[in-house]
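Keep the model open beside this text.

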Amino acid sequence: MGKDFDRIIDRSKSLAIKYARRKAVFGREDILPMWVADMDFATPDFVLDALRQRLDHPVLGYTLRPKSFYEAYKAWAKKRYSWHLDLEWLTFSPGVVAALALAILSYTDQGDKVVIQPPVYPPFFETVKGLDRELVLNPLKRLPDGRYIMDFDDLKKKIDAKTRLIIISNPHNPVGRAWTADELRQLAEIALDNNLLIVSDDIHADFVYKNYKYVPIASLSPEIAKISITATSPSKTFNIPGLSTSVVIIPAKELRDRYNEKLHAAHLWLGNIFGNIAFEQVYNNGEEWLDDLLDYLEQNVDYTVQFINENIPSIKVWRPEATFLLWLDFSGTGLTHGQIKDKLVNEARVGFNDGLTFGKQGEYFFRMNIAAPRAVVKEALERLKSVFG
Ligand SMILES: Cc1ncc(COP(=O)(O)O)c(C=O)c1O
């Protein structure tokens with residue numbers, strides 16, 4: 001049952017944000033929600049069973065996170081990414097965005113500069129600005145075929161004495177790149193030359209399609225590991241973001257100590273019992289489920305890309321190397337961004353993320369989440385075709 005990805009589950013009464021905030025975000029309830037980056041699939045049965053089993057014990061008090069929690073991630077990183085970790089490098093965060101915030105607090109002062117690479121996940125902007133650090137934009141370059149690359153020349157020009165760290169998204173949300181070892185190495189060399197730390201948000205690490213690879217930047221060399229902070233989580237991979245349980249990998253002891261000080265100062269180290277259990281379960285037992293999920297998602301990606309190419313020539317889509325997010329380019333419609341948005345919501349009645357929330361590079365773009373039963377994806381595409389085809 002847990003692997004029946006075609007099963008349509010009614011989430012509308014579960015307060016799922018993707019559903020419950022339709023009116024607030026789109027102005028109407030009757031849209032097909034394909035925005036917030038969680039999946040419309042059931043959490044795996046073996047996870048739900050383990051959580052139920054914990055409920056047989058009637059006390060849900062303060063509870064330790066066992067060593068086996070970190071061992072589970074260490075084993076997963078070795079199996080899935082050939083990344084060999086020391087157990088002591090691993091620490092905790094409730095969420096990946098919380099880890100980015102803690103890293104900013106740990107390694108920068110107010111007024112210091114933090115680099116991000118738009119178009120990128122909106123909290124990157126909000127977290128840096130909200131903590132009173134100066135945001136420096138190093139936009140990705142879009143090639144004519146729709147593929148994005150990092151702009152290293154621009155990055156070098158923008159670094160000055162106040163620039164302390166760069167936050168990257170690997171694989172990148174929303175452009176779907178799984179950065180190559182070569183690209184990451186070039187970035188790391190610039191960071192090493194300029195005393196920059198690299199904070200890598202790798203929450204989409206497990207969604208890499210055939211012929212591509214997730215490369216953890218810290219795995220490239222011991223020297224690069226020493227300037228890197230990697231935050232990741234099983235929350236996307238196994239559809240458990242509501243359990244708020246993530247892991248942070250900081251090989252350099254001095255950087256790890258500073259991070260842990262802030263983690264403890266904010267009293268965020270504790271986590272929750274259910275997150276601890278699910279985390280260990282998925283990393284110990286989740287490979288088969290994930291491989292089936294990846295097959296299903298890749299078919300959704302193929303179906304969507306082919307459908308758009310054949311039926312909606314005014315929309316351009318680049319096939320992502322990773323993530324379940326498609327970055328759709330509507331510039332060929334000849335409409336303004338506002339007109340496209342209005343048509344998506346009020347005529348097609350689909351809820352996609354507005355590209356402009358990812359930075360001004362997102363003008364004419366909307367992000368579609370295809371992690372849904374195929375019938376739902378097909379319905380969204382038919383609606384798109386009826387308005388833009
Ligand atoms: C790149 C990226 N980072 C972080 C998150 C959220 O992570 P968390 O809920 O663990 O803070 C998301 C969710 O969409 C994401 O896409």
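Start with aspartate 329, which is buried because its relative accessible area is 6%, under the 20% cut-off. This is a predicted model. Aspartate 329 sits in strand E12, which covers residues 325-329. What does its side chain reach? The side chain of aspartate 329 makes a polar contact with the side chain of arginine 142, at 2.9 Å. Leave aside the neighbours within four places in sequence, and aspartate 329 is in contact with Arg142, Ser314, Ile315, Lys316, Tyr364 and Phe365.

Now turn to serine 200. Find it in strand E8, residues 197-201. Is serine 200 buried or exposed? Serine 200 counts as buried, because its relative accessibility is 0%. Its side chain is joined to that of aspartate 202 by a polar contact of 2.6 Å. Beyond residues up to four places away in sequence, serine 200 touches Ile168, Asn170, Ile217, Ile229, Thr230 and Ala231.

Leucine 131 is placed in a loop. That loop runs between H6 and strand E4 (134-137). Not counting residues up to four places away in sequence, leucine 131 touches Ala101, Ile104, Leu105 and Gln110. How far is leucine 131 from isoleucine 190? The two are 59 residues apart in sequence, and their C-alpha atoms are 25 Å apart in space.

Step back to the domains. The protein is divided into domain 1 (17-44 + 288-388) and domain 2 (61-284). Their C-alpha centres lie 26 Å apart. Where the domains meet, 32 residues of domain 1 are in contact with 35 residues of domain 2.

Next come the pockets. Rolling a probe the size of a water molecule over the atoms shows where empty space is left. The largest pocket has a volume of about 770 Å³. Where does the largest pocket lie? Domain 1 and domain 2 both give residues to its lining, so the largest pocket lies between them. That lining has 38 residues. Those nearest the centre of the largest pocket are Val36, Ala37, Tyr121, Pro123 and Lys236. By class, the lining has 19 nonpolar, twelve polar and seven charged residues.

Which helix or strand gives the most to this lining? H13 does, with three residues. Several elements supply at least two residues each, among them helix H2 (22-26), helix H5 (96-107), helix H6 (123-130) and helix H13 (337-348). Strands supply at least two each as well, including E13 (350-351), E14 (353-354) and E15 (365-369).

Finish with the second largest pocket. Its volume is about 510 Å³. The lining of the second largest pocket is made of 20 residues, and Arg11, Asp38, Phe41, Thr43 and Asn239 lie nearest the centre. Those lining residues divide into 13 nonpolar, four polar and three charged. How many residues does each domain give? Domain 1 and domain 2 each give at least three to the lining of the second largest pocket.

Key:
Residues numbered from 1 in each chain as written. Predicted model: local features only at pLDDT ≥ 70, side-chain atom pairs only at ≥ 80, totals over all residues. Heavy atoms only, no water. 1 Å grid on protein atoms, 1.4 Å probe; cavity = no way out; pocket = protein on both sides within 12 Å on 5 of 7 lines; lining within 4 Å. Points joined across faces, edges and corners; volume = space filled by probe spheres on them. Helix = DSSP H or I, 4+ residues; strand = E, 2+ residues; numbered from the N terminus. Nonpolar A, V, L, I, M, F, W, Y, C, P; charged D, E, K, R; others polar. Domains from an automatic or database assignment. Buried < 20%, exposed > 50% of the residue type's maximum accessible area, 1.4 Å probe, protein only. Polar contact = N/O pair within 3.5 Å; in protein donor to acceptor, adjacent residues only side chain to side chain. Contact = heavy atoms within 4.5 Å.
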